[in-house]
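Reader: I would like to go through the terms used for this model and see what each one rests on.

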Amino acid sequence: MDTMNELFYQDAYRTVFDSEVISCTKGKHGYEIVLKETSFYPEGGGQPGDQGTLNEVPVKDTRRKNGAIVHITDLPLETGTAVHGTIDWNRRFDLMQQHSGEHIFSGIVHQLFGYENIGFHLGEETITLDFSGPLTWEDLRTVETKANEILYRNEPIEISYPSPEELALLEYRSKKELEGLVRIVTVPGADVCACCGTHVHRTGEIGLIKVLSTASRKNGTRTEIVCGRRALRYVQTVTDQNLAISHLLSAPVSETSVAVERLRAEMLDSTYRLRGIILHQLEENLKDIEDHTPVYVLFTEGIDTQELRKYANQVIEEKHAGIAAIFTAGKEGMQYVILSSETDLKPLSRLLNERFSGRGGGSSQMIQGSLHGEPEEIRTVLQAYAEEKADH
Ligand SMILES: [Zn+2]
(Lines give C-alpha, C1' and ligand atoms only; values in the text may rest on other atoms or scores of the structure.)
Protein backbone atom coordinates (compact mmCIF):
# COMPACT_ATOMS: atom_id res chain seq x y z
CA MET A 1 0.00 0.00 0.00
CA ASP A 2 1.61 3.22 -1.14
CA THR A 3 0.48 5.72 1.46
CA MET A 4 2.87 8.45 0.32
CA ASN A 5 0.48 9.99 -2.18
CA GLU A 6 -2.68 8.78 -0.43
CA LEU A 7 -3.11 11.65 1.97
CA PHE A 8 -6.20 10.19 3.67
CA TYR A 9 -3.96 7.50 5.20
CA GLN A 10 -1.72 10.14 6.75
CA ASP A 11 -4.66 12.20 7.95
CA ALA A 12 -8.26 11.10 7.53
CA TYR A 13 -9.37 14.62 8.54
CA ARG A 14 -7.60 16.47 5.76
CA THR A 15 -10.24 18.22 3.66
CA VAL A 16 -8.12 20.37 1.30
CA PHE A 17 -4.86 19.76 -0.55
CA ASP A 18 -2.83 21.01 -3.52
CA SER A 19 -1.70 18.65 -6.24
CA GLU A 20 -1.12 18.24 -9.95
CA VAL A 21 -2.92 16.34 -12.71
CA ILE A 22 -0.88 13.35 -13.92
CA SER A 23 -3.42 12.08 -16.43
CA CYS A 24 -6.95 12.65 -17.62
CA THR A 25 -8.70 10.08 -19.78
CA LYS A 26 -12.28 9.49 -20.87
CA GLY A 27 -13.81 6.51 -19.06
CA LYS A 28 -17.21 4.84 -18.85
CA HIS A 29 -18.62 7.14 -16.17
CA GLY A 30 -16.85 10.37 -17.14
CA TYR A 31 -13.32 11.73 -17.15
CA GLU A 32 -10.89 9.79 -14.98
CA ILE A 33 -8.38 12.11 -13.40
CA VAL A 34 -5.24 10.83 -11.64
CA LEU A 35 -3.38 13.22 -9.33
CA LYS A 36 0.15 13.27 -7.95
CA GLU A 37 -1.38 12.98 -4.49
CA THR A 38 -4.93 13.12 -3.13
CA SER A 39 -7.12 13.23 -0.04
CA PHE A 40 -10.01 11.65 -1.96
CA TYR A 41 -10.72 8.18 -0.59
CA PRO A 42 -11.44 5.61 -3.34
CA GLU A 43 -14.36 3.22 -2.85
CA GLY A 44 -13.14 0.19 -0.92
CA GLY A 45 -13.69 -1.97 2.15
CA GLY A 46 -17.41 -1.25 1.96
CA GLN A 47 -16.87 2.51 2.17
CA PRO A 48 -18.11 4.59 -0.81
CA GLY A 49 -15.66 6.80 -2.71
CA ASP A 50 -15.35 10.51 -1.87
CA GLN A 51 -17.00 13.43 -3.63
CA GLY A 52 -15.84 17.05 -3.73
CA THR A 53 -14.11 19.42 -6.17
CA LEU A 54 -10.81 19.77 -8.03
CA ASN A 55 -10.51 23.51 -8.64
CA GLU A 56 -14.09 24.21 -9.75
CA VAL A 57 -14.69 20.78 -11.24
CA PRO A 58 -17.05 18.54 -9.23
CA VAL A 59 -15.81 15.02 -8.45
CA LYS A 60 -18.74 12.57 -8.66
CA ASP A 61 -16.95 9.51 -7.34
CA THR A 62 -13.48 8.21 -6.53
CA ARG A 63 -12.32 4.70 -7.35
CA ARG A 64 -9.19 2.63 -7.51
CA LYS A 65 -8.26 1.50 -11.04
CA ASN A 66 -5.15 -0.56 -11.83
CA GLY A 67 -3.62 0.61 -8.56
CA ALA A 68 -4.20 4.32 -9.25
CA ILE A 69 -6.84 6.50 -7.63
CA VAL A 70 -9.15 7.99 -10.27
CA HIS A 71 -11.36 11.01 -9.65
CA ILE A 72 -14.45 10.80 -11.84
CA THR A 73 -15.67 14.10 -13.29
CA ASP A 74 -17.89 15.43 -16.09
CA LEU A 75 -15.25 17.95 -17.18
CA PRO A 76 -11.63 17.31 -18.17
CA LEU A 77 -8.54 18.79 -16.49
CA GLU A 78 -5.38 19.01 -18.57
CA THR A 79 -2.32 17.02 -17.58
CA GLY A 80 0.07 19.24 -15.61
CA THR A 81 -2.71 21.48 -14.25
CA ALA A 82 -2.16 22.56 -10.67
CA VAL A 83 -5.28 21.65 -8.69
CA HIS A 84 -6.71 22.64 -5.36
CA GLY A 85 -8.74 19.72 -4.06
CA THR A 86 -11.60 19.96 -1.55
CA ILE A 87 -13.44 16.90 -0.34
CA ASP A 88 -17.10 17.01 0.68
CA TRP A 89 -16.33 16.80 4.37
CA ASN A 90 -19.91 16.46 5.67
CA ARG A 91 -20.35 13.41 3.50
CA ARG A 92 -16.96 11.92 4.34
CA PHE A 93 -17.35 12.48 8.08
CA ASP A 94 -20.78 10.81 7.92
CA LEU A 95 -19.18 7.81 6.19
CA MET A 96 -16.41 7.76 8.81
CA GLN A 97 -19.02 7.76 11.58
CA GLN A 98 -20.96 4.92 9.93
CA HIS A 99 -17.88 2.91 9.10
CA SER A 100 -16.28 3.26 12.54
CA GLY A 101 -19.58 2.46 14.23
CA GLU A 102 -19.92 -0.65 12.10
CA HIS A 103 -16.51 -1.88 13.33
CA ILE A 104 -17.63 -1.57 16.93
CA PHE A 105 -21.01 -3.20 16.32
CA SER A 106 -19.62 -6.14 14.32
CA GLY A 107 -16.72 -6.51 16.78
CA ILE A 108 -19.11 -6.85 19.70
CA VAL A 109 -21.33 -9.35 17.85
CA HIS A 110 -18.16 -11.37 17.25
CA GLN A 111 -17.09 -10.99 20.88
CA LEU A 112 -20.46 -12.03 22.37
CA PHE A 113 -21.73 -14.57 19.84
CA GLY A 114 -18.69 -15.59 17.77
CA TYR A 115 -20.45 -14.72 14.48
CA GLU A 116 -18.71 -13.28 11.44
CA ASN A 117 -19.88 -10.26 9.50
CA ILE A 118 -20.58 -11.87 6.12
CA GLY A 119 -22.17 -8.87 4.41
CA PHE A 120 -21.77 -5.11 4.73
CA HIS A 121 -23.47 -2.38 2.75
CA LEU A 122 -23.02 1.27 3.64
CA GLY A 123 -26.08 2.79 1.94
CA GLU A 124 -27.41 6.33 1.61
CA GLU A 125 -29.78 5.85 4.54
CA THR A 126 -28.63 2.93 6.66
CA ILE A 127 -25.91 0.33 7.08
CA THR A 128 -27.02 -3.22 6.31
CA LEU A 129 -25.11 -5.98 8.09
CA ASP A 130 -25.31 -9.75 7.65
CA PHE A 131 -24.12 -11.97 10.49
CA SER A 132 -23.39 -15.69 10.26
CA GLY A 133 -25.79 -16.81 13.00
CA PRO A 134 -29.19 -16.14 14.58
CA LEU A 135 -29.63 -13.00 16.67
CA THR A 136 -32.83 -12.03 18.48
CA TRP A 137 -33.99 -8.44 18.88
CA GLU A 138 -32.91 -8.71 22.55
CA ASP A 139 -29.44 -9.91 21.46
CA LEU A 140 -29.12 -6.91 19.17
CA ARG A 141 -30.29 -4.61 21.95
CA THR A 142 -27.50 -6.02 24.15
CA VAL A 143 -24.97 -5.40 21.36
CA GLU A 144 -26.31 -1.86 20.86
CA THR A 145 -25.95 -1.07 24.56
CA LYS A 146 -22.40 -2.45 24.72
CA ALA A 147 -21.42 -0.65 21.52
CA ASN A 148 -22.60 2.68 22.92
CA GLU A 149 -20.63 2.05 26.14
CA ILE A 150 -17.53 2.00 23.92
CA LEU A 151 -18.52 5.45 22.62
CA TYR A 152 -18.89 6.86 26.15
CA ARG A 153 -15.37 5.65 26.96
CA ASN A 154 -14.13 7.69 23.99
CA GLU A 155 -11.54 5.06 23.05
CA PRO A 156 -8.88 5.91 20.46
CA ILE A 157 -9.25 4.06 17.15
CA GLU A 158 -5.75 2.81 16.43
CA ILE A 159 -4.25 2.03 13.03
CA SER A 160 -1.23 -0.28 12.78
CA TYR A 161 0.72 -2.27 10.21
CA PRO A 162 1.96 -5.38 12.05
CA SER A 163 4.87 -7.44 10.70
CA PRO A 164 3.98 -10.90 9.30
CA GLU A 165 5.26 -12.44 12.59
CA GLU A 166 3.12 -10.14 14.72
CA LEU A 167 0.17 -10.71 12.43
CA ALA A 168 0.49 -14.49 12.80
CA LEU A 169 -0.08 -14.12 16.56
CA LEU A 170 -2.86 -11.55 16.25
CA GLU A 171 -6.53 -12.45 16.39
CA TYR A 172 -8.45 -10.18 14.07
CA ARG A 173 -11.54 -10.11 11.91
CA SER A 174 -11.01 -10.03 8.20
CA LYS A 175 -13.42 -10.13 5.27
CA LYS A 176 -11.01 -11.76 2.84
CA GLU A 177 -7.55 -13.33 2.58
CA LEU A 178 -5.05 -10.50 2.70
CA GLU A 179 -1.71 -10.21 1.00
CA GLY A 180 1.19 -7.85 1.62
CA LEU A 181 1.09 -5.18 4.29
CA VAL A 182 -2.06 -5.54 6.39
CA ARG A 183 -3.68 -2.49 7.94
CA ILE A 184 -5.15 -3.34 11.32
CA VAL A 185 -7.83 -1.14 12.90
CA THR A 186 -8.18 -1.61 16.66
CA VAL A 187 -10.97 -0.29 18.87
CA PRO A 188 -9.94 -1.16 22.45
CA GLY A 189 -12.55 -3.38 24.11
CA ALA A 190 -14.53 -3.83 20.92
CA ASP A 191 -12.74 -4.88 17.77
CA VAL A 192 -9.57 -5.78 15.90
CA CYS A 193 -10.12 -5.86 12.16
CA ALA A 194 -8.18 -5.61 8.92
CA CYS A 195 -9.54 -2.59 7.02
CA CYS A 196 -8.49 -0.04 4.41
CA GLY A 197 -11.19 2.56 5.12
CA THR A 198 -11.11 5.90 6.91
CA HIS A 199 -12.09 6.07 10.59
CA VAL A 200 -12.69 8.68 13.25
CA HIS A 201 -9.90 9.30 15.80
CA ARG A 202 -11.93 8.52 18.88
CA THR A 203 -15.11 6.54 19.43
CA GLY A 204 -16.90 9.51 21.03
CA GLU A 205 -17.09 11.17 17.60
CA ILE A 206 -19.54 8.47 16.48
CA GLY A 207 -22.10 9.97 18.86
CA LEU A 208 -24.70 7.21 18.80
CA ILE A 209 -25.11 3.70 17.38
CA LYS A 210 -28.74 2.65 16.83
CA VAL A 211 -30.16 -0.68 15.69
CA LEU A 212 -33.20 -0.24 13.44
CA SER A 213 -34.33 -3.65 12.31
CA THR A 214 -33.62 -7.35 12.16
CA ALA A 215 -34.64 -10.19 9.88
CA SER A 216 -33.59 -13.81 9.89
CA ARG A 217 -31.79 -15.06 6.83
CA LYS A 218 -31.07 -18.58 5.61
CA ASN A 219 -27.54 -18.46 6.99
CA GLY A 220 -27.93 -15.94 9.78
CA THR A 221 -29.30 -12.50 10.51
CA ARG A 222 -29.64 -9.28 8.54
CA THR A 223 -29.76 -6.13 10.59
CA GLU A 224 -29.80 -2.41 9.85
CA ILE A 225 -28.00 0.16 11.97
CA VAL A 226 -27.30 3.89 11.80
CA CYS A 227 -24.57 5.91 13.51
CA GLY A 228 -23.68 9.53 14.20
CA ARG A 229 -25.81 12.28 12.64
CA ARG A 230 -27.92 9.68 10.88
CA ALA A 231 -28.78 8.16 14.26
CA LEU A 232 -29.75 11.59 15.61
CA ARG A 233 -31.95 12.27 12.56
CA TYR A 234 -33.56 8.86 12.98
CA VAL A 235 -34.34 9.49 16.65
CA GLN A 236 -35.74 12.94 15.76
CA THR A 237 -38.03 11.50 13.05
CA VAL A 238 -39.28 8.66 15.21
CA THR A 239 -39.81 11.01 18.17
CA ASP A 240 -41.89 13.37 15.97
CA GLN A 241 -43.97 10.44 14.77
CA ASN A 242 -44.55 9.15 18.26
CA LEU A 243 -45.43 12.61 19.60
CA ALA A 244 -47.98 13.07 16.80
CA ILE A 245 -49.57 9.70 17.62
CA SER A 246 -49.50 10.57 21.31
CA HIS A 247 -51.38 13.85 20.68
CA LEU A 248 -53.88 12.22 18.32
CA LEU A 249 -54.72 9.50 20.82
CA SER A 250 -54.21 11.56 24.00
CA ALA A 251 -51.87 8.87 25.27
CA PRO A 252 -48.53 9.22 27.09
CA VAL A 253 -45.59 8.89 24.66
CA SER A 254 -44.52 5.64 26.30
CA GLU A 255 -47.94 4.07 25.78
CA THR A 256 -48.80 4.89 22.17
CA SER A 257 -48.78 1.27 21.02
CA VAL A 258 -51.20 0.32 23.80
CA ALA A 259 -53.45 3.19 22.71
CA VAL A 260 -53.32 2.07 19.05
CA GLU A 261 -54.12 -1.49 20.08
CA ARG A 262 -57.14 -0.26 22.03
CA LEU A 263 -58.27 1.92 19.13
CA ARG A 264 -58.02 -1.02 16.78
CA ALA A 265 -60.11 -3.22 19.08
CA GLU A 266 -62.75 -0.46 19.35
CA MET A 267 -62.81 -0.06 15.59
CA LEU A 268 -63.29 -3.78 15.01
CA ASP A 269 -66.06 -3.80 17.57
CA SER A 270 -67.81 -0.82 15.94
CA THR A 271 -67.53 -2.36 12.50
CA TYR A 272 -68.99 -5.59 13.80
CA ARG A 273 -71.90 -3.83 15.47
CA LEU A 274 -72.57 -1.61 12.46
CA ARG A 275 -72.78 -4.70 10.30
CA GLY A 276 -75.26 -6.23 12.72
CA ILE A 277 -77.45 -3.12 12.49
CA ILE A 278 -77.29 -3.03 8.68
CA LEU A 279 -78.14 -6.72 8.36
CA HIS A 280 -81.06 -6.26 10.72
CA GLN A 281 -82.30 -3.31 8.64
CA LEU A 282 -82.08 -5.41 5.49
CA GLU A 283 -84.20 -8.09 7.13
CA GLU A 284 -86.79 -5.46 8.03
CA ASN A 285 -86.56 -3.98 4.56
CA LEU A 286 -87.21 -7.37 2.96
CA LYS A 287 -90.69 -7.47 4.50
CA ASP A 288 -91.67 -4.27 2.67
CA ILE A 289 -90.61 -5.41 -0.80
CA GLU A 290 -93.59 -6.14 -3.01
CA ASP A 291 -93.94 -9.58 -4.51
CA HIS A 292 -92.94 -9.88 -8.18
CA THR A 293 -91.12 -6.54 -8.32
CA PRO A 294 -89.59 -6.54 -11.83
CA VAL A 295 -86.37 -4.86 -10.75
CA TYR A 296 -85.28 -4.26 -7.18
CA VAL A 297 -82.26 -1.96 -6.57
CA LEU A 298 -80.74 -1.22 -3.18
CA PHE A 299 -77.72 0.87 -2.16
CA THR A 300 -76.26 0.06 1.23
CA GLU A 301 -72.88 0.05 2.96
CA GLY A 302 -70.77 -1.86 5.44
CA ILE A 303 -71.45 -5.41 4.26
CA ASP A 304 -69.32 -7.79 2.19
CA THR A 305 -70.09 -9.41 -1.16
CA GLN A 306 -71.08 -12.68 0.48
CA GLU A 307 -73.81 -10.87 2.40
CA LEU A 308 -74.77 -8.94 -0.73
CA ARG A 309 -75.30 -12.21 -2.55
CA LYS A 310 -77.24 -13.73 0.31
CA TYR A 311 -79.57 -10.76 0.44
CA ALA A 312 -80.06 -10.62 -3.33
CA ASN A 313 -80.94 -14.33 -3.18
CA GLN A 314 -83.57 -13.70 -0.53
CA VAL A 315 -85.13 -10.96 -2.67
CA ILE A 316 -85.35 -13.30 -5.66
CA GLU A 317 -86.53 -16.38 -3.78
CA GLU A 318 -88.81 -14.94 -1.13
CA LYS A 319 -90.21 -12.02 -3.12
CA HIS A 320 -90.05 -13.55 -6.61
CA ALA A 321 -88.37 -10.40 -7.97
CA GLY A 322 -87.24 -10.31 -11.61
CA ILE A 323 -83.84 -8.73 -10.97
CA ALA A 324 -82.26 -8.00 -7.57
CA ALA A 325 -79.31 -5.59 -7.61
CA ILE A 326 -77.56 -4.82 -4.32
CA PHE A 327 -74.73 -2.28 -4.07
CA THR A 328 -72.41 -1.49 -1.18
CA ALA A 329 -69.98 1.43 -0.95
CA GLY A 330 -66.40 0.15 -0.75
CA LYS A 331 -62.85 1.45 -0.84
CA GLU A 332 -62.73 1.27 -4.62
CA GLY A 333 -66.11 2.51 -5.77
CA MET A 334 -69.18 0.37 -5.30
CA GLN A 335 -69.29 -3.41 -5.05
CA TYR A 336 -72.35 -5.10 -6.42
CA VAL A 337 -74.12 -8.41 -6.85
CA ILE A 338 -77.00 -8.69 -9.32
CA LEU A 339 -79.18 -11.80 -9.53
CA SER A 340 -81.96 -12.64 -11.93
CA SER A 341 -84.47 -15.47 -12.16
CA GLU A 342 -85.04 -15.29 -15.92
CA THR A 343 -83.36 -12.25 -17.53
CA ASP A 344 -79.92 -12.81 -19.09
CA LEU A 345 -77.49 -10.59 -17.15
CA LYS A 346 -74.36 -11.01 -19.27
CA PRO A 347 -75.10 -8.00 -21.55
CA LEU A 348 -75.88 -5.95 -18.42
CA SER A 349 -72.45 -6.74 -17.02
CA ARG A 350 -70.80 -5.37 -20.17
CA LEU A 351 -73.08 -2.32 -20.09
CA LEU A 352 -72.19 -1.53 -16.47
CA ASN A 353 -68.47 -1.94 -17.16
CA GLU A 354 -68.72 0.51 -20.06
CA ARG A 355 -70.99 3.09 -18.51
CA PHE A 356 -69.48 3.19 -15.01
CA SER A 357 -65.80 2.25 -15.51
CA GLY A 358 -66.63 -1.04 -13.91
CA ARG A 359 -64.88 -4.35 -13.49
CA GLY A 360 -67.12 -7.31 -13.28
CA GLY A 361 -68.62 -10.37 -14.89
CA GLY A 362 -70.40 -13.62 -14.16
CA SER A 363 -73.08 -15.89 -15.53
CA SER A 364 -76.42 -15.13 -17.16
CA GLN A 365 -78.08 -15.43 -13.73
CA MET A 366 -75.53 -13.75 -11.52
CA ILE A 367 -73.04 -10.94 -12.13
CA GLN A 368 -70.79 -9.19 -9.62
CA GLY A 369 -68.01 -6.63 -9.61
CA SER A 370 -67.32 -3.01 -8.85
CA LEU A 371 -68.11 0.30 -10.54
CA HIS A 372 -68.09 4.07 -10.09
CA GLY A 373 -71.27 6.04 -10.46
CA GLU A 374 -74.18 7.93 -8.95
CA PRO A 375 -76.93 5.73 -7.42
CA GLU A 376 -79.73 7.42 -9.39
CA GLU A 377 -77.94 7.01 -12.68
CA ILE A 378 -77.23 3.35 -11.97
CA ARG A 379 -80.83 2.78 -10.98
CA THR A 380 -82.06 4.34 -14.25
CA VAL A 381 -79.77 2.14 -16.32
CA LEU A 382 -80.94 -1.00 -14.50
CA GLN A 383 -84.61 -0.13 -14.92
CA ALA A 384 -84.16 0.64 -18.62
CA TYR A 385 -82.37 -2.67 -19.08
CA ALA A 386 -85.12 -4.62 -17.31
CA GLU A 387 -87.85 -2.90 -19.35
CA GLU A 388 -86.06 -3.51 -22.62
CA LYS A 389 -85.66 -7.19 -21.77
CA ALA A 390 -89.32 -7.46 -20.70
CA ASP A 391 -90.46 -6.09 -24.09
CA HIS A 392 -88.72 -8.89 -25.96
ZN1 LIG B 1 -12.84 0.17 8.61
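Reader: Which hand does the crossing of H2 and H3 have?

Author: The crossing of H2 and H3 is right-handed. This is a predicted model, and the hand is computed from it. A crossing is called right-handed if the near helix is turned clockwise from the far one by less than a right angle.

Reader: What residues make the contact of H2 with H3?

Author: H2 contributes Ile-104, Phe-105, Ile-108, Val-109 and Leu-112, and H3 contributes Val-143, Lys-146, Ala-147 and Ile-150. By class these are 8 nonpolar, no polar and 1 charged. Lys counts as charged, and Lys-146 is among the residues of H3 in this contact.

Reader: What makes H6 and H7 roughly parallel?

Author: The angle between helix H6 (residues 256–288) and helix H7 (residues 305–319) is about 10°, and their axes lie 11 Å apart. Angles under 35 degrees count as roughly parallel, and therefore H6 and H7 are given that term. Their crossing is right-handed.

Reader: Which residues of H6 and H7 meet?

Author: From H6 there are Leu-279, Leu-282 and Leu-286; from H7 there are Glu-307, Tyr-311, Gln-314, Val-315 and Glu-318. The contact of H6 with H7 has 5 nonpolar, 1 polar and 2 charged residues. Tyr counts as nonpolar and Glu as charged.

Reader: In what order do the strands close into a barrel?

Author: The order is S1-S2-S5-S4-S3-S6, with 6 strands and antiparallel pairing. Neighbouring strands of this sheet are turned by 45° against each other on average, direction ignored.

Reader: Where do the domain bounds fall?

Author: The domain assignment gives domain 1 (7–87), domain 2 (93–245), domain 3 (251–287) and domain 4 (289–391). Between the C-alpha centres of domain 1 and domain 3 there are 63 Å.

Terms used. Residues are numbered from 1 along each chain as its sequence is written. This is a predicted model: local features need pLDDT of at least 70, side-chain atom pairs count only at pLDDT 80 or more; totals for chains, interfaces and linings use all residues. Domain bounds come from an automatic or database domain assignment. Two strands pair if DSSP finds at least two bridges between them. Helices (H or I, at least four residues) and strands (E, at least two) are DSSP runs, numbered from the N terminus. Axes are lines fitted to C-alpha atoms, for helices over the stretch in contact, and angles run from 0 to 180 degrees between N-to-C directions. Angles under 35 degrees count as roughly parallel, over 145 as roughly antiparallel, 65 to 115 as roughly perpendicular and the rest as oblique. Two residues are in contact if their C-beta atoms, placed from the backbone, lie within 7 Å.
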